[in-house]
Amino acid sequence: MAFLEIDQLHKQFGDLPAVSGFDVDVEQGEFLSLLGPSGCGKTTALRMIAGFERPTSGTIHLNGRDITNQPPNRRHIGMVFQSYALFPNMTVADNVGFGLKLKGMTPADARRRAGELLELIQLPDKGGSYPYQLSGGQQQRVALARALAIEPQVLLLDEPLSALDAKIRVELRAEIRRIQQQLHITTLYVTHDQEEAMSLSDRVVVMNKGFIEQVGPPFEIYNYPRTAFVAHFVGQLNVMPVRVVDAAAGRVALGEQTIILEPPLAANGQAVTLAVRPEELELGAAEGHNNLRGLVESVNFLGSIVRVRVAVDGATLSADLFNERLLTLPKAGEAVTINFPAHAAWVLEEQG
């Protein structure tokens, strides 16, 4: 039996289904991210787990208890909101200890516990400060400490870093992961940021239009997407309209050029869509690889990578090259060859 069992949750707002058939088991101490575009149902699913929304149907069990219809304050769940939601008239220490006082802890014990958590979030000297005196990143750390103060069985985070700048987001997500692993607390994290989900999570739930598209470790989600939506939503993707020439041999045609894939494929003559990640493409010809001829459309410098876009028989393919100081780059309009191994590409399923 899983620590947190979410069984066929469904939420209907009038005639609009917001979440349909949400079915996930979460192990104790696991970090699970709900990833998807705005409006896909991820926050609604989180709010049902927290108790802020009542499911239309389905059940939620936590450590063997049915909490489906219990109020939020009886679920032993902590939640961190996108907006921080700190009390402006309370000091940092009082914010952190607020839930402890509601639980009947003595003021002295609440102060001691708040001090321990301020050490954990690396803000030991900010207990006497007020929220307006802190940066956005510091305020979010305090919100995290407040959620952890009551020692919840599950921690829920609803896009907690979306209001912060890029550098602070990277630093704070590393802190969240460090704290989660140190406390071994079961965590569900809602985000639309692919990099956040991939870097933080043990597993990722990719959602689309209220449904779960795929659940799996980040490596599996990225490298082995099961639906067209997951393949397109997670990371960059090259797609090529090809025709199957020899299904048994894995041979397809892109215009007048031939590509060899890992067989078997669909029936001969069938039109399919081929997918390959930009980092799998390299400039130049390579023996034993698929080699495609084309013309450079553009060269874009993106810091650690350089993205070269190449027009190949009706398709435009992006090749991501690792940047280094002696890198020689082609120019727009130049004829080039790009290559990739057979295992790097796959036929994209059109139905999710």
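The largest pocket is lined by 22 residues, with Pro72, Asn73, Ile77, Gly99 and Ile150 lying nearest its centre. (A pocket here is an open set of points on a 1 Å grid over the protein atoms alone, where a 1.4 Å probe fits, with protein on both sides within 12 Å along at least five of seven lines; lining residues have an atom within 4 Å of a point.) This is a predicted model, so local features need pLDDT of at least 70 and side-chain atom pairs count only at pLDDT 80 or more, while totals for chains, interfaces and linings use all residues. Residues are numbered from 1 along each chain as its sequence is written, and side-chain values use heavy atoms, leaving out hydrogens and water.

Strand S6 (77–80), helix H2 (92–102) and helix H4 (136–149) each put at least two residues into the lining of the largest pocket; helices (H or I, at least four residues) and strands (E, at least two) are DSSP runs, numbered from the N terminus.

As for the second largest pocket, its lining has 16 residues, and Tyr224, His343, Ala344, Ala345 and Trp346 sit nearest the centre. Helix H7 (218–223) gives the largest share of that lining, three residues.
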